[in-house]
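Thanks for coming. I have one chain to go through today, and I will keep to what can be read off the coordinates.

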Amino acid sequence: MKIFDQLRTAFKGGGGARVPLARSFQSPWGWTFENGGAKPPFSYRDSVRHAFVDNPVAQRAVRIVAEGVGGAPVQSDAPDLLALVQATSAGQSLLETLAAHLLLHGNGFVQVARDGSGKPVELFALRPERVSVVPGEDGWPRAYRYKLNDRTLEMPVEDGDGWPSVIHLKSFHPADDHYGAGCLSAAEQAVAIHNAAASWNRALLENAARPSGALVYDGGADTAGLTTDQFERLKAELAQAYQGGGNAGRPMLLEGGLKWQSLSLSPADMDFAELKAAAARDIALAFGVPPMLLGLPGDNTYANYREANRALWRLTLLPLAGKILSGLSEGLSPWFPQAKLVVDLDRVPALSEDRERLWKQVSEATFLEPAEKRALLGLDDGAKQ
């Protein structure tokens, strides 16, 4: 650049200055040890336990997406980069773990471990709820703080030699500059409804599939009713002898004008099955999984499983895998410049029909030159890129 261009850039303020960032929105991922942070209203740990551990629909949806991304065929023009990404770290698959973190939390943090020469030798996915962004004066991240109980480790964005230490992957969040938005917060209400419906059905089954009833006192001319002692004794006997699943169906012995009146379920109460199915569909919608693949009845939007599986790859797995692979490629670009990580679409079984149709259309296009056909098919000089 000429000296005049440098002076012009300096006076115009175009020397690479970045706009400041601020935490105008309190993310649910903010923790109390951050500066100015408050206890979040959304508890990630509790939501993971209620959804992934306790709810079969949410767990299966997350597993379908995470295992699909982890098992996707990946190719790269840099064999060392491909081996680094596909290697397991502490027994866990990097791509599968990052896919699950992005789904549940909305953020993925990868620690870059290097050898003595500064070359990366391992990529380890950090638990996202333990990591927080440490902003600089301008609001941009200057470090990442990893906190576990009373132990805290601060990792700079770049070390003293300019090499990145942590790669931060995040989903889009329209109101947060530092953290991404996960699918778990959107599915929390549906998970709560689904779990509540399951608990209701279980309680009903423990009571021999019969609803509760009312104990009615018919004293005839006696309008005084039961005394306080009689009422307390009767309540204690009911709780001890007739309450709980073990006492379901036990005959009741009544005396002194008492009679038992059963209460039937209303049509709205009996509609718990449909309510539970609707909540399950909302959970599948939040995680981007076609309900047919989860075995949900009454929601056969797709003609068959093949179409549903193709939609899963096109709408969920490929975009998520592309986000993860492009983020890893950008984060590791100081060691692997111009290297790319992409999913090999020719090796995805669910997309074989689409690729076969494309190959046929390109092969029958007589107006295209062989080099143009190779470019359309993603080939270069007779070999895959």
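First, the ground rules. This is a predicted model, in which local features need pLDDT of at least 70 and side-chain atom pairs count only at pLDDT 80 or more, while totals for chains, interfaces and linings use all residues. Residues are numbered from 1 along each chain as its sequence is written, and side-chain values use heavy atoms, with hydrogens and water left out.

The protein chain has 11 helices and 14 strands. Those are DSSP runs numbered from the N terminus: helices are H or I with at least four residues, strands are E with at least two. Of the 385 residues in the chain, 37% are buried. Buried means under 20% relative accessible area, exposed means over 50%, and partly exposed is in between, with a 1.4 Å probe and protein chains only. The chain exposes about 22,800 Å², and carbon and sulfur atoms supply 53% of that. The areas come from the Shrake-Rupley method with a 1.4 Å probe; for residues, only the protein chains shown count as cover. Among contacts with a separation of 6 or more, 62% are between residues 24 or more positions apart. A contact here is heavy atoms within 4.5 Å.

Now the sheets. Strands count as paired if DSSP finds at least two bridges between them. For angles in general, axes are lines fitted to C-alpha atoms, for helices over the stretch in contact, and the angle runs from 0 to 180 degrees between N-to-C directions.

Within that sheet, look at the E4 and E5 pair. E4 covers residues 107-114 and E5 covers residues 120-126, with six bridges in the antiparallel sense. Phe109 has Leu126 as its bridge partner in E5, and Gln111 stands opposite Phe124. As a general point, side chains in a regular strand alternate between the two faces of the sheet. The hairpin has five residues between the strands, and Gly118 there takes a positive phi near 90°.

The other sheet I want to show is also open, with three strands in the order E6-E7-E8 and antiparallel pairing. Its edges are E6 (131-135) and E8 (151-156), each with a single partner strand, so one side of each is left without a neighbour in the sheet. Neighbouring strands are turned by 25° against each other on average, direction ignored. E6 and E7, residues 141-148, run antiparallel and are joined by five bridges. Pro135 stands opposite Pro141 in E7.

The axes of H5 and H9 come within 10 Å and cross at roughly 115°. That makes the two helices roughly perpendicular, a label for 65 to 115 degrees; under 35 is roughly parallel, over 145 roughly antiparallel, and the rest oblique. On the H5 side, the contact includes Leu94, Leu98 and Leu102; on the H9 side, it includes Leu320, Ile324 and Leu328.

H9, residues 305-331, also packs on H3, residues 56-70, at an angle of about 60° with the axes 10 Å apart. H3 and H9 are therefore oblique to each other. Residues in this contact include Ile64 and Gly68 of H3, and Trp313 and Leu320 of H9.

His101 is in H5, residues 94-104. Is His101 buried or exposed? At 11% relative accessibility, His101 is buried. Beyond neighbours within four places in sequence, His101 contacts Gly106, Asn107, Ala125, Leu126, Arg127 and Pro128.

Val74 is in strand E1, residues 74-76, and is buried at a relative accessible area of 5%. Which residues does Val74 contact, leaving aside neighbours within four places in sequence? Among them are Leu82, Leu95, Leu325 and Leu341. Val74 and Leu341 are 267 residues apart in sequence and 6.8 Å apart in space, C-alpha to C-alpha.
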